[in-house]
Amino acid sequence: MQFDMEIKASEFKKKQLKILASVPLQVMVKDDSGQLVEEFITEPSQMIYDLAFLEKGMVVEVHLIPGNPVEFYPVVNAL
């Protein structure tokens, strides 16, 4: 199963990322030039991730990690 999502910083009101997924996901935050600013792996038991460092022009990318069996598509929201 393929799942890739890109969310622009302008879509975040509270600078938080909400994720509902049965498997860990890779989150990459890049600046306006495409340089990696922050990268982390989510935990299925945690839903809200604080992105207080998020600035105008940045992009948040969410990807499935290959090799994990996925029962349903992850639900990802910008808060």
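**The sheet**

I looked up the sheet and found four strands in an open arrangement, in the order β1-β6-β3-β4, with antiparallel pairing. Two strands count as paired if DSSP finds at least two bridges between them; strands are DSSP runs (E, at least two residues), numbered from the N terminus. At the edges stand β1 (4–8) and β4 (36–41), each with a single partner strand, so one side of each is left without a neighbour in the sheet.

I noted that this is a predicted model, where local features need pLDDT of at least 70, side-chain atom pairs count only at pLDDT 80 or more, and totals for chains, interfaces and linings use all residues. Residues are numbered from 1 along each chain as its sequence is written, and side-chain values use heavy atoms, with hydrogens and water left out.

I checked β3 with β4: they pair in the antiparallel sense over five bridges. Lys30 has Leu36 in β4 as its bridge partner.

**The salt bridge**

How many salt bridges does a search of the whole structure find? It finds one. Lys30 forms a salt bridge with Glu61, with the closest N and O atoms 3.5 Å apart (the term means a side-chain nitrogen of Lys or Arg within 4 Å of a carboxyl oxygen of Asp or Glu). Lys30 lies in β3 (residues 25–30) and Glu61 in β6 (residues 59–64), so the pair ties together parts 31 residues apart in sequence.

**The whole chain**

I also noted that the protein chain has zero helices and seven strands.
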